[in-house]
Amino acid sequence: MTGYGSKQTMVQSEDETALVRQLVAGDEAAFAELVTRYHASMVRMARSFVPTDAAAEDVAQEAWLAVVRGVERFECRSTVKTWLFRILINRAKTRGVRESRCAPFSSFSAGDGRSVHPDRFFAEGHLNGGHWSIAPQSWRSAPELRAESCETRECLKAALESLPSAQQAVLRMRDVLGFTAADVCAALNVSEANQRVLLHRGRSRMRAVLETILLETAEAS
Amino acid sequence: MTKPEPLCCVEFVELVTDWLEGALTAFERTLVDDHLAACEACTTYLDQMRQTISMLATLADDDPAAILIDRLLIAFGELHRRRHDD
């Protein structure tokens with residue numbers, strides 16, 4: 001399987017346009033290739049909208065069937081990948097709303113939009129109003145943050161899965177899967193500004209989670 | 001002309017994503033850069049944010065989910081035949 005983990009640029013590849021042409025022509029090998037490349041990412045992506053891994057797997061499989069049925073309507077305006085994920089996300093959203101996992105996607109307001117707990121800053125009116133009262137500590141020497149650390153990874157995954165659907169979806173597409181902002185807007189049908197807000201909130205939550213992990217680990221030692 | 005208000009930290013943390021995305025105006029960028037130059041805590045925060053993003057990227061390396069590809073291939077074959085039998 002080609003190494004899909006790395007952040008490759010999302011340039012429309014000749015190879016994938018050819019794959020779609022072959023798909024339309026009924027070429028099973030082309031279909032198998034596309035599935036092999038994207039299925040795992042699509043399952044992870046679906047997880048933003050549905051409550052279990054099993055449901056995410058179902059959604060991804062349904063999406064592939066929708067892909068096959070709709071392949072002749074694929075217009076080369078978007079990349080193959082954006083098109084695939086758009087289909088996937090539509091399926092996932094429908095299923096998610098049905099399972100009450102996510103509110104209708106239009107509800108972006110997430111209450112208090114602060115990235116960091118206000119207690120971390122001196123209050124307005126204080127001499128140092130607006131500045132850190134409990135400053136962030138450098139993570140550079142923290143062994144717990146090594147990517148290989150299983151426990152950190154599991155915490156990261158769980159934290160990602162706990163994000164509201166919209167934030168989770170944007171984070172998965174942008175930071176996990178390496179889609180561009182434009183890809184995300186097209187696949188999720190959101191404006192660039194909205195995409196940024198979601199990205200900001202999601203990333204802020206994840207940073208806070210990591211900070212908590214490190215603090216707890218430091219305290220335990 | 002009065003000097004513009006410098007950023008404080010609580011404002012900076014809300015601008016960090018826009019800054020990374022290149023979505024700030026030139027003026028806003030200057031405010032942020034000036035603040036970073038003067039504030040070690042926020043420089044650390046930015047670094048944490050960057051590390052958070054890097055760690056998210058590592059989640060893409062998970063083992064692929066088991067694919068019931070045979071079932072999909074059968075469905076694919078059927079759909080194609082049906083479409084072209086009309």
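Along the sequence, chain A reads α-α-α-α-α-α-α-α, that is, eight helices and zero strands. Helices (H or I, at least four residues) and strands (E, at least two) are DSSP runs numbered from the N terminus. This is a predicted model, where local features need pLDDT of at least 70, side-chain atom pairs count only at pLDDT 80 or more, and totals for chains, interfaces and linings use all residues. Residues are numbered from 1 along each chain as its sequence is written, chains are lettered from A and ligands numbered from 1 in the order written, and side-chain values use heavy atoms, with hydrogens and water left out.

Of the 221 residues in chain A, 50% are buried, meaning under 20% relative accessible area, with exposed over 50% and partly exposed in between (1.4 Å probe, protein chains only).

Now the core. The largest nonpolar core has 67 residues, and Trp64(A) and Phe85(A) touch the most other members. α2(A) gives the largest share of this core, 10 residues. Such a core is a set of buried Ala, Val, Leu, Ile, Met, Phe, Trp, Tyr and Cys residues joined through side-chain atoms within 4.5 Å. Another core, of 19 residues, lies apart from it and includes Trp132(A) and Leu7(B).

Last, one loop residue. Asp27(A) sits between α1 (14–24) and α2 (28–46) of chain A and is partly exposed, at 27% relative accessible area. Beyond four places in sequence, Asp27(A) is in contact (heavy atoms within 4.5 Å) with Gln22(A) and Phe76(B).
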